[in-house]
Amino acid sequence: MLINHDKIFFSLLSILPISIIAGPTVSLINVLLIVFLYFFVFIKKKHYKFLFKDKTLWLLLIVYVYLIFNSILSIDYEVGLNRNIGFIRLIFLFIGINYFFYISQKNLKILKIWTAFIIIFATDVYFEKFLGANIFGWGAEEINNIKQPYGKRVMSFFKDEPIAGAYLNGFVLLICGYLLSIYKNKKRLYLPLIIIFLYFLFSILVTGERSNSLKALFGMILFLSLIDFIKLKSKIIILFILILSFVLIISNSNYLKNRYFGQLYSEAFLEKDSKFFEENTYIRLYKSGFNVFKNYPFFGVGNKNYRVEACSDKAIELNYFCMTHPHQVYFEFLAEHGLIGSTILLFIFFFLIFKNLKIMILSQNYVQIGSLLYLLSTFIPLLPSGSFFSDFNITLFFINFSLMYSVSKNTNIFFQKKNLQ
């Protein structure tokens with residue numbers, strides 16, 4: 001019996017956003033199924049004969065080899081070993097998604113399914129924010145005044161993890177790009193499109209996740225500036241509405257107003273004898289990450305090893321702050337990969353992100369531009385972030401990275417090859 005790879009790829013990729021919500025194990029299984037399915041094609045059609053002549057894949061393999069080397073140098077190699085070895089799945093996920101869109105550009109319809117689900121997710125965020133519990137009743141403990149570890153932050157389908165905003169941020173820009181690509185020639189739909197974009201943006205805002213809200217706002221503003229079929233005057237009006245709405249929503253919610261402005265302003269400027277720069281959690285983490293870097297300047301303590309070093313017996317003596325990671329991508333890289341490792345990682349990722357920039361801008365492929373802007377937002381300096389190589393964050397990163405390449409014939413790695421079967 002012949003296996004219909006196209007339909008299986010479509011099914012597995014369709015449920016990818018849902019699998020991430022179901023948890024890291026389900027997400028990993030889904031990704032591995034996609035990888036194994038493509039690996040079968042890889043062997044059967046002998047893609048290894050030409051694929052690994054591709055510069056993009058060689059650079060990703062260099063990242064993989066470096067991560068294995070990083071494990072050897074780690075202060076506790078067992079802590080980050082699985083994470084580093086497992087990076088290979090993301091390389092094959094990247095190839096598999098490129099192959100999926102190479103088979104048929106009609107596979108863009110998969111983004112229609114993602115769009116429907118993200119709209120449902122965003123709606124559930126509003127549901128929980130304004131009613132105190134989501135559609136499954138999760139979050140209702142807030143109504144009964146039972147203290148929650150994350151206060152009033154909206155968690156939606158993630159139930160007890162405050163990452164709903166980060167999740168939305170991982171899909172919203174590429175979905176906005178997909179909608180733009182469909183309706184860009186239908187002027188009567190400009191207003192509904194703008195309303196949908198605002199709906200997505202404000203769903204991230206009301207989660208209470210400050211960093212992801214700022215990243216989403218950054219992405220939306222930059223996206224607006226790159227759209228060629230909207231006139232400058234209209235862009236200025238939309239930008240004004242965007243920022244005004246952003247401010248009004250925050251100012252009309254005591255929780256959001258305190259969350260986005262009150263806490264930081266009060267701690268930094270209003271309190272007498274303020275020790276904001278000594279006691280703020282994020283600043284302490286940044287300083288701690290930099291202190292770890294100073295003690296391990298070349299290759300750092302090893303991937304996922306910040307906690308091992310920062311929570312050790314010498315933590316107080318060396319002015320460390322005990323947590324899982326420094327909560328900022330650059331300080332995380334410096335602490336866990338040192339100057340040499342950080343240079344390798346950042347150079348390769350930035351090169352791969354920017355190498356097709358001119359093609360994407362000139363072709364006005366909005367799905368690519370949306371994915372590009374998400375990738376860029378990941379590297380905004382100083383804003384807090386989750387651990388870059390955690391399963392959740394690296395999966396969202398590689399979904400966007402893969403789509404940025406795969407959805408256009410000008411950048412898809414398979415369309416650049418000859419004699420494919």
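Author: Happy to. Helix H1 (residues 5–14) and helix H6 (residues 88–103) have axes that come within 10 Å and cross at roughly 125°. Axes here are lines fitted to C-alpha atoms, for helices over the stretch in contact, with angles running from 0 to 180 degrees between N-to-C directions. The helices themselves are DSSP runs (H or I, at least four residues; strands are E, at least two), numbered from the N terminus. H1 is therefore oblique to H6; angles under 35 degrees count as roughly parallel, over 145 as roughly antiparallel, 65 to 115 as roughly perpendicular and the rest as oblique. The crossing of H1 and H6 is left-handed, a word used if the near helix is turned anticlockwise from the far one by less than a right angle, with right-handed used if clockwise.

A note on the model before the side chains: it is predicted, with local features needing pLDDT of at least 70 and side-chain atom pairs counting only at pLDDT 80 or more, while totals for chains, interfaces and linings use all residues. Residues are numbered from 1 along each chain as its sequence is written, and side-chain values use heavy atoms, leaving out hydrogens and water.

From H1, the residues Asp6, Phe9, Phe10 and Leu13 meet Gly96, Ile97, Tyr99, Phe100 and Ile103 of H6, where contact means heavy atoms within 4.5 Å. The residues of this contact of H1 with H6 divide into seven nonpolar, one polar and one charged. For these classes, Ala, Val, Leu, Ile, Met, Phe, Trp, Tyr, Cys and Pro count as nonpolar, Asp, Glu, Lys and Arg as charged, and the others, Gly among them, as polar.

H6 has a further partner in helix H4 (residues 55–73): the axes of H4 and H6 come within 10 Å and cross at roughly 165°. H4 and H6 are therefore roughly antiparallel to each other, and their crossing is right-handed. Here Thr56, Leu57, Leu60, Leu61 and Tyr64 of H4 meet Ile88, Ile91, Phe94 and Ile95 of H6. By class, that contact of H4 with H6 has eight nonpolar residues, one polar and no charged ones.

Another pair lies further along the sequence. Helix H16 (residues 329–354) and helix H18 (residues 366–378) pack at an angle of about 160°, their axes 12 Å apart. H16 and H18 are therefore roughly antiparallel to each other, with a left-handed crossing. Val329, Ile353 and Phe354 in H16 meet Leu372, Leu375, Leu376 and Thr378 in H18.

Two single residues are worth a look as well. Tyrosine 167 sits in helix H8 (residues 164–183) and is buried, with a relative accessible area of 0%. Buried means under 20% relative accessible area, exposed over 50%, and partly exposed in between (1.4 Å probe, protein chains only). Leaving aside neighbours within four places in sequence, tyrosine 167 touches residues including Pro17, Ile18, Phe117, Phe158, Phe392 and Leu396. Serine 211, found in helix H10 (residues 210–226), is buried too, at a relative accessible area of 12%. With neighbours within four places again set aside, serine 211 is in contact with Leu383 and Pro384.

To place these parts in the whole chain: there are 19 helices and zero strands, and buried residues make up 54% of the 421 residues.
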